[in-house]
Amino acid sequence: MINVDIEKLAELSRLAISAEEKKELEKEIPEILAFVEQISEAAGELKKETGEHYNIMREDDEPHESGIYTEEMLKAMPDEKNGYLRVRKIIAQD
Amino acid sequence: MELQNLTIKEARALLDEKKVTAVELAAAYVERAKKKNGELNAYLEIFDDVNEQAQRADKIIADGGGSMLTGIPLAIKDNILIKGHIASGASKILENYVASYDAHVIEQLKNVGAVFLGRTNMDEFAMGSSTENSAFGPSKNPHDVTRIPGGSSGGSAAAVAGDLAIAGLGTDTGGSVRQPAALCGIVGFKPTYGAVSRYGAMALGSSLDQISPFTKTVEDAEFLFTTIRGIDSRDATALPDTYFSTTTSPKRIGVPKKFLTQGIDEDVLEVFNESLELMKKEGYEVVDIELPNMKYALAAYYIVMPAEASTNLARYDGVRYGVKEEGENLTDDYMQTRGKGFGAESRRRILIGAFVLSSGYADAYYRKATAVRELIRNDFREAFKDVDIIATPTSPTPAFKIGEKANDPLAMYTADIFTVPVNMAGVPAISVPMGTVKREDSALPIGMQFIAPHGADSSLFPIGKDFERIVV
């Protein structure tokens, strides 16, 4: 069974997991991957996807009147001040 | 008033003949929902503005306007946005998130004065087949409350089956409407991918998701579908009307016999075969077909879906909305918010998604899975050259016990074996009640799944109606 670096995946996914859960996942995820690996027996060749899925783009103009959602969006923010979303300082001064 | 098995059509007649007002109808459902919800946990919230909504519907009716859905009380899955109401996706991370806007389907329904009774329980962000992955406890199957209602849209299914709503909406990514419909003994219809705009539905697997109706009859499914479908510039995958074929009356049914041999309960297969015999007597032709790559569908799905889910769920980071957990620095804010906010199955699928997309593995997993998906699509395309409809059981088993598969993710995944290929191909399918099988002392509903070619959604209604008439 494939060896999976759960800690690395959790870091890539920005997901804090406990040591206990990590142990469980180290068992579960390779099991699930072993199951999905049966697709390697299928004949499908890797090629650029074509077919039913395609995007229908709208005209590149104003999708809605500017500002009509602003109030609602601000209300949903965990940390809002004077109409701005307040975020953590990410540049250190030293 | 008598709510048992009340359909949209019957309620429409009562409203139009002034035998009941929308306000009275809504109040009767709210009363029943409040009484039964403690037992079923179908609703996460019963709305407090139901009466106002119903008043609006009565006004529309009094003014001589309205359509089939005016004043009809509906149950809405908790991942479909209704402005001003909480939409949590049954997740802790959005526990108190109030929707900033209406989903397209909600706009359509508001336009005609449909009434939203409440938001219904589901597996967190629609990942699961039982509602046991809800952060707010599982829903119960109205036919046996020790059993799951199916999932992920199990709350809406339980609400409709238990007469806590006339009809409802769910989302179907791999069977999340058809499977709970089958397990609760009602109709679940997944339209062609792109038939209904997903604007305002929380994205899970964007190449698979489709908003789908729950109803008590096939005819009702048609009414609800007609109201919510249609082109919308805010969903780039919404298909134009010209894509859809006009109604035909399918007569030739294909059955992938070989695919129906593994992992299916014997009595479910028996009822399925008996049902097909009845269809033959009704004048339908039933032939054996080959879908050679169907056996890979579930495996390919559990690569494509987590890949898309891990991408879609990246937006829940506690910065712009939702729950926020403070960490030591910005990265740690994300880690803590997401670590605490997401439940176990969401975390599992995020990690699997990250793995199958990661450098060095993407070719063997994600890209191979999309290639296999093409084979599956092609299998359907070939099969539909010969037959009008493909039939399978909706689910290989009836409703299982709460807790029975909760600790075995792989066992849970197999519940979707017959529904997943449909989403992989993007074709439409309907689940119609097919009778019951016995487990312990309970008679548990199972479903017949009819699958049609792309855009032939309306062909599913005549065959579905024939089926519900002959199978009692």
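## Close-up views of a two-chain predicted model

**View 1. The contact between chain A and chain B.** The contact draws 50 residues from chain A and 68 residues from chain B. The model is predicted. Together, chain A and chain B bury about 5000 Å². Carbon and sulfur atoms carry 67% of that buried area. Four salt bridges are counted between chain A and chain B.

**View 2. A salt bridge between B:R348 and A:E28.** Side chains of opposite charge can pair when their charged atoms come close. Here B:R348 pairs with A:E28 in a salt bridge. Their closest N and O atoms are 2.8 Å apart.

**View 3. Packing of helices α2(B) and α3(B).** Two packed helices are described by the angle between their axes and the distance between the axes. Helix α2 of chain B spans residues 22-40, and helix α3 of chain B spans residues 50-62. They pack at an angle of about 150°, with their axes 8 Å apart. Angles over 145 degrees count as roughly antiparallel, so α2(B) is roughly antiparallel to α3(B). The crossing of α2(B) and α3(B) is right-handed. On the α2(B) side, the contact is made by B:A22, B:V23, B:A26 and B:V30. On the α3(B) side, B:V50, B:N51, B:A54, B:Q55, B:A57 and B:D58 take part. The residues of this contact of α2(B) with α3(B) comprise seven nonpolar, two polar and one charged.

**View 4. Packing of helices α4(B) and α7(B).** Helix α4 of chain B covers residues 104-111, and helix α7 of chain B covers residues 218-228. The packing angle is about 105°, and the axes lie 8 Å apart. Angles of 65 to 115 degrees count as roughly perpendicular, so α4(B) is roughly perpendicular to α7(B). From α4(B), the contact takes B:H104, B:V105, B:Q108 and B:L109. From α7(B) come B:L224, B:T227 and B:I228.

**View 5. A salt bridge between B:K9 and B:E219.** The count over all chains is 43 salt bridges. One joins the side chains of B:K9 and B:E219, at 3.4 Å from N to O. B:K9 lies in helix α1 (residues 8-16) of chain B and B:E219 in helix α7 of chain B, so the pair ties together parts 210 residues apart in sequence.

**View 6. The cis peptide bond between B:G151 and B:S152.** B:G151 and B:S152 are joined by a cis peptide bond. Omega is about 10°. B:S152 sits in the loop between β3 (115-120) and α5 (154-161) of chain B.

**View 7. The backbone at A:N82.** A:N82 has phi near 50°. This is a positive value in a residue other than glycine. A:N82 is placed in the loop between β1 (80-81) and β2 (84-85) of chain A.

Conventions:
Residues numbered from 1 in each chain as written. Chains lettered and ligands numbered in written order. Predicted model: local features only at pLDDT ≥ 70, side-chain atom pairs only at ≥ 80, totals over all residues. Heavy atoms only, no water. Axes fitted to C-alpha atoms, helices over the stretch in contact; angles between N-to-C directions. Helix = DSSP H or I, 4+ residues; strand = E, 2+ residues; numbered from the N terminus. Parallel < 35°, antiparallel > 145°, perpendicular 65-115°, else oblique. Left-handed = near helix turned anticlockwise from the far one by under 90°. Contact = heavy atoms within 4.5 Å. Nonpolar A, V, L, I, M, F, W, Y, C, P; charged D, E, K, R; others polar. Buried area = accessible area lost by both parts, 1.4 Å probe.
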